Amino acid sequence: MRAISYGIAITGLLVLTTLMLIKLFAAVWLPNYIVWGVAGITSFCLLLLQINVTQNRSPGGFDNASGVGVMLEVARVVMAREEKKSVTFLATGAEEYGMCGALRYIQTHADEYDRENTYVINLDGLGVGDGVNLVTRYGIPPTRTTRALSDLFRTSGEALGIQVSDRYLPIGVGLDSIPIASRGFETVTLTARGVGSVALKVHSKRDRSELLNTESLQQVGELVVDVIERT
């Protein structure tokens, strides 16, 4: 609903602007019902966005115990292998309230990392379907968050036989990678390719761990560990 409302509201505002410019500069008569109809639909969608209240009724199986679980297992494997490169494992909070956790972290610690040699992997909504989606662009117009990192994931995916696909997230959803990418860091968000099968259960009482598939979670973990070893 949020994504659809954003899309209709943005489209409505663009249409209204265009209609007003046509009426002003071309002196073309436009029926009032068209202008008021577009204005009414746009206002209704903006109102929906204002009263869109986030509630905490979800057990959080898919969103986002799946991501935290994969991160903890990757940390266990990487630490057991005594990885020489520096790796930070971070679980941020308050994503649904404007990505506050990730935003505050990067505001406080951005200067501690070398932007040219730091890669950020965000895990959000995993464990269903086969393969992995990489969110590498977001916003309108699209902002690209990574090049080298997405190439690394595709290379690892080919080596491990895991399907990896790039995805673009235009509007309606916040990711913890976004405030970090806005600070100039190369970031990517990993999500499940089968997210459509559980989309209507997210943020509800039905988002339970029983939705998750062990093999799918293992694929993501192996993929992330392989990318860490290649960097």
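How many helices and strands does the secondary structure of the protein chain come to? The count is 7 helices and 5 strands, where helices (H or I, at least four residues) and strands (E, at least two) are DSSP runs numbered from the N terminus.

The model is predicted, so local features need pLDDT of at least 70 and side-chain atom pairs count only at pLDDT 80 or more, while totals for chains, interfaces and linings use all residues. Residues are numbered from 1 along each chain as its sequence is written, and side-chain values use heavy atoms, with hydrogens and water left out.

**Figure 1. Overview of the protein chain.** From the N terminus on, the order of elements is α-α-α-α-β-β-β-α-β-α-β-α. Along the principal axes, the C-alpha atoms fill a box of roughly 70 × 40 × 35 Å. The protein chain has 231 residues, of which 39% are buried; buried means under 20% relative accessible area, exposed over 50%, and partly exposed in between (1.4 Å probe, protein chains only). A contact is a case of heavy atoms within 4.5 Å. Of the contacts between residues at least 6 apart in sequence, 82% join residues at least 24 apart.

**Figure 2. Surface and charges of the protein chain.** The protein chain exposes about 13,500 Å², and carbon and sulfur atoms supply 58% of this area. Accessible areas come from the Shrake-Rupley method with a 1.4 Å probe, and for residues only the protein chains shown count as cover. There are 21 positive and 23 negative charges, and their mean positions are 8 Å apart. Lys and Arg count as positive and Asp and Glu as negative, whereas His and the chain ends are not counted. Each charge is placed at NZ of Lys, CZ of Arg, CG of Asp or CD of Glu.

**Figure 3. The cis peptide bonds at Asp63–Asn64 and Ile140–Pro141.** Asp63 and Asn64 are joined by a cis peptide bond with omega of about 10°. Asn64 belongs to helix α3, which spans residues 61–80. From Ile140 to Pro141 the peptide bond is also cis, with omega near -5°. Pro141 sits in the loop between β2 (132–138) and β3 (143–144).

Figure 4. Ala94 is a residue other than glycine with a positive phi, near 60°. Its place is the loop between α3 and α4 (100–109), and its relative accessible area of 38% makes Ala94 partly exposed. Met99, in the loop between α3 and α4, has a positive phi near 55° and is likewise a residue other than glycine. Met99 is buried, at 18% relative accessible area.

Figure 5. Phe62 is found in helix α3 and is buried, with a relative accessible area of 4%. Between Phe62 and Gly127 there are 7.2 Å from C-alpha to C-alpha, although the two are 65 residues apart in sequence. Not counting residues up to four places away in sequence, Phe62 touches Gly125, Leu126, Val128, Ala192, Val195, Val198, Val202, Asp207 and Leu212.

**Figure 6. Thr146 in the loop between β3 and α5.** Thr146 lies in the loop that runs between β3 and α5 (148–160). With a relative accessible area of 2%, Thr146 is buried. A polar atom of the Thr146 side chain lies 3.2 Å from the backbone nitrogen of Leu149. Neighbours within four places in sequence aside, Thr146 is in contact with Thr136, Glu186, Thr187 and Val188.

**Figure 7. Ser165 and Arg193.** Ser165 is part of strand β4, residues 164–169, and counts as buried at 13% relative accessibility. The side chains of Ser165 and Arg193 are joined by a polar contact of 3.4 Å. A polar contact is a pair of N or O atoms within 3.5 Å; within protein, one must be able to donate a hydrogen and the other to accept it, and residues adjacent in sequence count only if both atoms are side-chain atoms. Beyond its neighbours within four places in sequence, Ser165 is in contact with Val132, Asn133, Leu134 and Arg193.

Figure 8. A search of the whole structure finds 0 disulfides, a disulfide being a pair of cysteine sulfur atoms within 2.5 Å. Cys45 is buried, with a relative accessible area of 5%. Cys100 counts as partly exposed, at 27% relative accessibility.
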